[in-house]
Amino acid sequence: MIAELQQRVAATWAAADGDSGATLDVEAIEATVAALDRGELRVAEPDGAGPWRVNAWVKQAVLLFFRVRGLETTEVGPFEYHDKIPLKRGFADDGVRVVPPATVRYGAHVEAGAVLMPSYVNIGAWVGAGTMVDTWATVGSCAQIGRGVHLAGGVGIGGVLEPVQAAPVVIEDGAFIGSRCIVVEGVRVGARAVLGAGVVLTANTPVIDPRGAEPVEHRGSVPPGAIVVPGSRATAFPAGSYGMPCGLIIGERTEATDDKVGLNELLREAGSSMG
């Protein structure tokens, strides 16, 4: 069935390219988004130890879904919404705790045991079991949040729908993302990594390990188990030298630092915290 859906979505995507009047395969589009919602499909999936595999055709279906949907008014208690994408439902049956006014759009999948404080999860996203999405945290379109992750208060996880081949933001299992962190542009945070409060990572933000004789630099990813705090690096410009933001790796997550108290103590020694 999945192979057939992929062929049909790809065909209707090709037909719609540059032709606003093309007849779209609505059934295939809706079936794909429904499979996303149930967790039977994902926008991106782990592919061994290497980069995650992006299912571009699934992102095509999400983009086409906006095209075939009309605006509808939805009332939820005293709240009114006017949008093309309905809200996700069935949290009790799915075993997900959702604290008002947390919002999850249809087409996102949240596994059993996850907890959503007042937060936002966009279409195409995947949130794993045991993960906490804390107050005012946002999970952007197609972002992949692993199992046992903690997104602390005010975290911003960026979304990406276009280009369809672009990798989404990936937060792997067991990671802790501190308060007010921002992770965008397809950055991948490795399993059990820790970002101290206020770390901002884009595809071009250097993540520097300064602990050896020479600095080791990463871009677009955080190594598994790394503990990262906000930093800056002097950069020369014609008008002078200025500090440019970076992430600094100050250590590795171990059993000794695995609990929240231990992590906070280590981060505070570096002038940061989890928040």
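The structure is a predicted model, in which local features need pLDDT of at least 70 and side-chain atom pairs count only at pLDDT 80 or more, while totals for chains, interfaces and linings use all residues. Residues are numbered from 1 along each chain as its sequence is written, and side-chain values use heavy atoms, with hydrogens and water left out.

Helices (DSSP runs of H or I, at least four residues) and strands (runs of E, at least two) are numbered from the N terminus. Helix α1 covers residues 2-16 and helix α2 covers residues 26-38; their axes come within 9 Å and cross at roughly 125 degrees. Here an axis is a line fitted to C-alpha atoms, for helices over the stretch in contact, and angles run from 0 to 180 degrees between N-to-C directions. Helices α1 and α2 are therefore oblique to each other; angles under 35 degrees count as roughly parallel, over 145 as roughly antiparallel, 65 to 115 as roughly perpendicular, and the rest as oblique. The crossing of α1 and α2 is left-handed, a term for a near helix turned anticlockwise from the far one by less than a right angle, with clockwise being right-handed. On the α1 side, Leu5, Arg8, Val9 and Thr12 meet Glu27, Ala28, Ile29, Ala31 and Thr32 of α2, where contact means heavy atoms within 4.5 Å. The residues of this contact divide into five nonpolar, two polar and two charged. In this grouping Ala, Val, Leu, Ile, Met, Phe, Trp, Tyr, Cys and Pro count as nonpolar, Asp, Glu, Lys and Arg as charged, and the others, Gly among them, as polar.

Helix α1 also packs against helix α3 (residues 56-68), at an angle of about 55 degrees and with the axes 9 Å apart. Helices α1 and α3 are therefore oblique to each other, and their crossing is left-handed. From α1, the residues Ile2, Leu5, Gln6, Val9, Ala10, Thr12, Trp13 and Ala16 meet Trp57, Gln60, Ala61, Leu63, Leu64 and Arg67 of α3. The contact of α1 with α3 divides into ten nonpolar, three polar and one charged residue. Elsewhere in helix α1 sits Ala14, which counts as exposed at 53% relative accessibility. For this term, buried means under 20% relative accessible area, exposed over 50%, and partly exposed in between (1.4 Å probe, protein chains only).

What of the interior? In soluble globular proteins, nonpolar side chains tend to be buried together. A nonpolar core is a set of buried Ala, Val, Leu, Ile, Met, Phe, Trp, Tyr and Cys residues joined through side-chain atoms within 4.5 Å. The largest nonpolar core has 45 residues, of which Leu151, Ile157, Ile171, Ile177, Val189, Leu195 and Val222 touch the most other members. At least two residues of this core come from each of β17 (176-177), β20 (194-195), β25 (226-237) and α5 (260-269). The most is given by β25, with four residues. Leaving aside residues up to four places away in sequence, Ile171 touches Gln144, Ile145, Gly146, Val149, Ile157, Ile177, Val183 and Val189. A second, separate core of 23 residues includes Ala35, Leu41, Phe65 and Ile85.

The loop between β15 (156-157) and β16 (170-171) holds Val164. Val164 is buried, with a relative accessible area of 13%. Not counting residues up to four places away in sequence, Val164 touches Trp13, Val54, Ala56, Lys59, Gln60 and Leu63. Pro163 has its place in the loop between β15 and β16, and a cis peptide bond with omega of about -10 degrees joins Glu162 and Pro163.

Most residues other than glycine have a negative phi, and most peptide bonds are trans. Pro101 lies in the loop between β5 (97-98) and β6 (103-104). Phi of Arg180 is positive, near 65 degrees; this residue lies in the loop between β17 and β18 (182-183) and counts as exposed at 54% relative accessibility. Arg192 likewise has a positive phi, of about 65 degrees, although it is not a glycine. Arg192 is found in the loop between β19 (188-189) and β20, and at 32% relative accessibility it counts as partly exposed.
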